[in-house]
Amino acid sequence: MAEPVSTTAILIGSAIVGGATIYSAQKQAAAARRAAKQARENAKQAREQSDKEIAQMQSQSRQNKLQFETNLAETRRRTQLSVDQANQAQQSAVKQINQQRAASRLAIQQSNLQARIQQQAQAANVGRKSRKRVGTPRSLRTKIETGSALAMGGGTGGTSQTGTGGLNV
């Protein structure tokens, strides 16, 4: 009869081992379910965090785009203003240059006119005799007397050094 007890003991031992295995498997399954639940919760939190970061990046991107467009528009406005100022300065310079050219042309024309007038005045005086008064008749006689060849003891004739022999040269 020793054998039935041992079979029963084996059966009880097997049942205990089997029960322990089942218990262990249940505990492992529960732990796996908790780990899966925790992994799902971690994934959900990571997804939410990622969505928040993406939303933040999109918001920042919109702000950067708006800032860039504003800066670009301001730069274009300043550039156009500079171009307009440069065009005005160029037009003013061209106008001033044209005025200076006109003034130079007028000055050259006036100079040429004055030169022609002087040439004509000189040409008009070329054929005309001019009379010069050398001195009074008395001073001329005194000069003749002191500076004449007769006064120096030489030659004859009543002509002066100039050979004009009179009062007017």
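Guide: Let us begin with a term: a residue is called buried when its relative accessible area is under 20%, exposed when that area is over 50%, and partly exposed in between. Please keep in mind that this is a predicted model. Glutamate 74, with a relative accessible area of 28%, is therefore partly exposed.

Visitor: How many of the 169 residues of the protein, as a percentage, count as buried?

Guide: Of the 169 residues, 2% count as buried, and the protein exposes about 15,000 Å², of which carbon and sulfur atoms supply 55%. Its secondary structure consists of two helices and zero strands.

Visitor: Which side chain meets that of glutamate 74 in a salt bridge with an N to O distance of 2.6 Å?

Guide: The general idea is that side chains of opposite charge can pair when their charged atoms come close. Here the partner at 2.6 Å, N to O, is arginine 77, which is partly exposed at 46% relative accessibility. Because arginine 77 and glutamate 74 lie three residues apart in helix α1, which covers residues 2–126, about one helical turn separates them.

Visitor: What does arginine 78 form with glutamate 74?

Guide: Arginine 78 also forms a salt bridge with glutamate 74, the closest N and O atoms being 3.3 Å apart. These two residues are four residues apart in helix α1, so they too are separated by about one helical turn, and arginine 78, at 51% relative accessibility, counts as exposed. Through shared partners, the salt bridges join Glu74, Arg77 and Arg78 into one network, and the count for the model comes to two salt bridges.

How values were computed
Residues are numbered from 1 along each chain as its sequence is written. This is a predicted model: local features need pLDDT of at least 70, side-chain atom pairs count only at pLDDT 80 or more; totals for chains, interfaces and linings use all residues. Side-chain values use heavy atoms; hydrogens and water are left out. Buried means under 20% relative accessible area, exposed over 50%, partly exposed in between (1.4 Å probe, protein chains only). Accessible areas come from the Shrake-Rupley method with a 1.4 Å probe; for residues, only the protein chains shown count as cover. A salt bridge is a side-chain nitrogen of Lys or Arg within 4 Å of a carboxyl oxygen of Asp or Glu.
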